[in-house]
Amino acid sequence: MERATHLNTQPREKSASGWLNGLIGVIIFSGSLPATRVAVLEFDPVFLTVIRATLAGVLALCLLMLFKEKRPARSQLVPLVIVALGVVVGFPLLTALALQYVTSAHSIVFVGLLPLATAVFGVIRGGERPRPAFWLFSVLGSLLVSGYALAQGVTASPLGDILMLLAILACGLGYAEGAKLSRTLGGWQVICWALVLSLPAMTLLSAWRAPASFSAISLPAWFSLGYVSLFSMLIGFVFWYRGLAQGGIAAVGQLQLLQPFFGLTLAAGLLHEQVSPGMVAVTVAVILCVAGAKRFSK
């Protein structure tokens with residue numbers, strides 16, 4: 001009886017750990033768009049993308065060497081390339097380009113689409129099968145976010161919105177693929193190997209796109225670069241991939257609905273950007289969808 005009770009509690013404990021790790025990852029990621037917004041005002045978007053990947057890649061290589069991690073199997077290389085294209089290159093580059101046209105507060109609202117994108121790719125790539133009611137809450141949250149964006153009118157910046165939507169698709173695929181791979185390779189190992197695979201190309205591109213002088217770069221821009229390189233590109237993924245692997249891609253992925261709330265708070269507090277009552281209302285409504293999606297995720 002005691003053994004059966006112990007076995008029954010293990011899945012619950014693993015799921016709870018997954019939600020905790022996922023929440024930590026979301027909190028870390030919440031600072032990514034505001035930090036990118038600050039950095040892209042003084043750094044070229046392409047250079048910002050490749051230099052953050054280069055800095056994170058060097059640190060990832062040091063970690064892999066320090067812990068003497070075995071190289072990935074040949075069958076794991078293609079998934080790692082997908083992870084790299086999605087979260088190392090795709091999402092950072094597309095968001096950096098988008099933030100030239102929209103504010104970080106506006107772009108953060110699009111992050112509400114990430115749970116749906118992650119869940120869809122979780123079904124396609126991770127083999128998960130959430131209950132029908134899960135999709136109802138997930139789609140409802142996404143419709144609230146996209147509906148608000150459309151209500152702003154195309155005069156805001158159609159190009160910025162399109163770039164953000166493409167970024168969400170790239171990120172959702174990278175999240176799902178990385179979570180699936182972390183079940184066998186390990187959470188922090190996945191992002192580290194993806195960064196290392198990208199390192200040669202990112203290093204060359206960093207040298208090519210580097211500005212002639214860094215003397216005009218302000219301290220806030222340097223701090224923002226440091227944040228997106230260390231926390232957004234590496235540390236956040238350590239918690240996030242572990243959480244997705246433990247609690248399920250579709251289920252824990254719904255925590256991303258909280259990211260707009262944290263991000264809007266940062267945008268208002270640090271960047272002094274205007275956060276309209278509509279933004280707050282949509283964010284609160286979207287957050288309410290987390291409970292429903294979580295309930296029917298399995």
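User: Which helices each supply at least two residues of the lining of the largest cavity?

Analyst: First, the idea. A cavity is a set of points, on a 1 Å grid over the protein atoms alone, where a 1.4 Å probe fits but cannot get out; lining residues have an atom within 4 Å of a point. A helix is a DSSP run (H or I, at least four residues), numbered from the N terminus. Now the case here. Helix H2 (32-40), helix H4 (77-98), H8 and helix H10 (219-247) each give two or more lining residues. H4 has the largest share, with 4 residues.

User: What should I know about the model itself?

Analyst: This is a predicted model: local features need pLDDT of at least 70, side-chain atom pairs count only at pLDDT 80 or more, and totals for chains, interfaces and linings use all residues. Residues are numbered from 1 along each chain as its sequence is written, and side-chain values use heavy atoms, with hydrogens and water left out.

User: Which residues lie nearest the centre of the largest cavity?

Analyst: Look for Phe29, Ser32, Arg52, Phe91 and Tyr175. They belong to a lining of 16 residues. By class, that lining has 10 nonpolar, 5 polar and 1 charged. Ala, Val, Leu, Ile, Met, Phe, Trp, Tyr, Cys and Pro count as nonpolar, Asp, Glu, Lys and Arg as charged, and the others, Gly among them, as polar.

User: What volume has the largest cavity?

Analyst: About 150 Å³. Grid points are joined across faces, edges and corners, and a volume is the space filled by probe spheres set on the points. The structure holds 2 cavities of 30 Å³ or more.

User: Which residues line the second largest cavity?

Analyst: Val109, Val145, Pro260, Val282, Thr283 and Val286 do. Helix H13 (residues 277-295) gives the largest share, 3 residues. The classes are 5 nonpolar, 1 polar and no charged.

User: Now helix packing. At what angle do H2 and H3 pack?

Analyst: Axes are lines fitted to C-alpha atoms over the stretch in contact, and angles run from 0 to 180 degrees between N-to-C directions. H2 and helix H3 (residues 45-66) pack at about 125°, with axes 10 Å apart. That makes H2 oblique to H3. Oblique is what remains after under 35 degrees (roughly parallel), over 145 (roughly antiparallel) and 65 to 115 (roughly perpendicular).

User: Which residues make the contact of H2 and H3?

Analyst: Contact means heavy atoms within 4.5 Å. Thr36, Ala39 and Val40 of H2 meet Pro45, Leu48 and Arg52 of H3. This contact has 4 nonpolar, 1 polar and 1 charged residues.

User: How do H9 and H10 pack?

Analyst: Their angle is about 140°, with axes 7 Å apart. H9 and H10 are therefore oblique to each other. On the H9 side, the contact residues are Gly187, Trp188, Val190, Ile191, Cys192 and Leu195. H10 brings Met233, Leu234, Phe237, Val238, Tyr241 and Arg242. The classes are 10 nonpolar, 1 polar and 1 charged.

User: And at what angle do H8 and H9 pack?

Analyst: Helix H8 (residues 158-185) and helix H9 (residues 187-209) pack at about 115°, their axes 7 Å apart. Gly178, Leu181, Ser182 and Leu185 in H8 meet Gly187, Gln189, Val190 and Trp193 in H9. That contact has 4 nonpolar, 4 polar and no charged residues.

Note on methods. 1 Å grid on protein atoms, 1.4 Å probe; cavity = no way out; pocket = protein on both sides within 12 Å on 5 of 7 lines; lining within 4 Å.
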